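This report describes contacts between side chains and how much of the surface they leave open. Please keep the sequence and the structure in view while reading.

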Amino acid sequence: MRSMTRYVDEDLKGAEFRECDLTGARMIGVVMQDAVIDGLVTNLVVNGVEVTEYVEAELDRRHPVRVLIRSEDPADLREAAHQLHADWAATIERIRRTPGIERRSVNDEWSAVETLRHLVFVHDSWFRRCCLGSTELFTSMGIGPTVEPYCGAHGLDLALDPSLDEIVSVRDAQAAELETWLDKVTATQLAVPAPVPDDDAWPPYARGRSVRRCLGTVLNETFEHYGFCGRDLDLLEAQDAE
C-alpha cells in the first residue's frame, strides 16, 4: 500500500480538501483556527476527546428530522418524508423571492437548480430502481455522477437547462410518489433485499442492500442537500447585502 503523505512544518493556511478520503489522518501539534470540516466524520478525536457523539447529538437537536430518518418505523419515515418536502417547499419560496439566485453558485458548489436536479436523479436511482425495481430510464433533467459510464447515461440529458418551475414540478411529483408508497409500506417490506434490476444502471453498489437502507439514502440525500442549499443561499444573500 502507498504510505501516507507526511507534512512537517508546512503552511497549509487556506488549503481545501474536497472529496478526499482522510481516514486515519493524524494532525499532531497543529494550529487549526476558523477551520470547517463537513462530511462523513466518525471517531474524531480532538485533544484526546472523541467528539463525534457530541456533534451528532447537537445535529439531532437542531434537526429532529434526522432522528426520524434513522427510524425503522414506517410511520416515522413517512413523517420524515413529509417534513423534508415541507422544508424544501419553504426553501423554494425563499429562492423565488430573489429571481436569478437559483442559478448562482458559491465556493464551487452546485447552484440551487443543480441541487434540485441532482435530487431528481437520487429519487430515480435510489427509490424507483432500488425500492420499486423500476427499469425505466431516468428523468432526463436529472444530474448524476460524473464518472463513466454513468455520466449522461440511462436517459440523462446533460444539455438540458430546465426552469425552476419545471424542476419543482418534477420534484413535487416525486415527493408525492414517495409519500404514497410510504403510506402503505410495512416494516417487513422495508427489511427485504432491494429489488435492484440486474443491469448496468446506477447505483452499481446497491445490490445486497435492504429496501430500508436504499430508502435511507433517498431521505439522507434530501436532508443533506437541503442543508447545503440553505447554507449557500445564506452566503449569496450576505454577498448581496454588502
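Rings of Phe, Tyr and Trp, with the six-membered ring used for Trp, form an aromatic pair if their centres lie within 6.5 Å. Planes under 30 degrees apart make the pair stacked, planes over 60 degrees apart make it edge-to-face, and the rest are tilted. The model is a predicted one.

**Aromatic pairs**

How many aromatic pairs does a search of the whole structure find? The search gives 6. One of them joins Y150 and W202: the ring centres are 5.0 Å apart and the planes stand at 75°, so the pair is edge-to-face. This pair links distant parts of the chain, since Y150 and W202 are 52 residues apart. Y150 sits in the loop between α4 (112-129) and α5 (164-182), while W202 sits in the loop between α6 (187-191) and α7 (211-241).

W202 also pairs with Y205; here the centres are 5.6 Å apart and the planes are at 80°, so this pair too is edge-to-face. Are these residues buried or exposed? Y150 has a relative accessible area of 14% and is therefore buried. W202 is buried as well, at 13%. Y205 has 43% relative accessibility, so it counts as partly exposed. Ring pairs connect W126, Y150, W202 and Y205 into a cluster.

**Helix α4**

Helix α4 has 18 residues, and 16 of them are buried, so the helix is mostly covered. At 1.5 Å a residue, α4 should span 26 Å. The C-alpha atoms at its ends are 25 Å apart, which agrees.

**Salt bridges**

Side chains of opposite charge can pair when their charged atoms come close. The count of salt bridges in this model comes to 21.

The bridge between R231 and D38 links distant parts of the chain: R231 is in helix α7, D38 is in the segment before β1, and 193 residues separate them. R231 is partly exposed at 29% relative accessibility, whereas D38 is exposed at 55%. Both residues belong to a network of salt bridges that links E16, R18, D38, E109, R231 and D232.

R96 is partly exposed, with a relative accessible area of 34%, and E93 is partly exposed at 44%. An α-helix has 3.6 residues a turn, so residues three or four places apart point the same way. D124 is buried, with a relative accessible area of 3%, while R128 is partly exposed at 23%.

**A nonpolar surface patch**

Which residues form a nonpolar patch on the surface? They are M27, V30, M32, I37, L44 and V46, and together they have about 540 Å² of accessible area. One of them, M32, lies in the segment before β1 (45-46). M32 counts as partly exposed because its relative accessibility is 46%.

Notes: Residues numbered from 1 in each chain as written. Predicted model: local features only at pLDDT ≥ 70, side-chain atom pairs only at ≥ 80, totals over all residues. Heavy atoms only, no water. Patch = residues over 30% accessible without salt bridge, like charges linked within 9 Å, V, L, I, M, F, W, Y side chains within 5 Å. Areas by Shrake-Rupley, 256 points an atom, 1.4 Å probe, with all protein chains shown as cover. Salt bridge = Lys/Arg side-chain N within 4 Å of Asp/Glu carboxyl O. Helix = DSSP H or I, 4+ residues; strand = E, 2+ residues; numbered from the N terminus. Buried < 20%, exposed > 50% of the residue type's maximum accessible area, 1.4 Å probe, protein only. Expected span 1.5 Å × (residues − 1).
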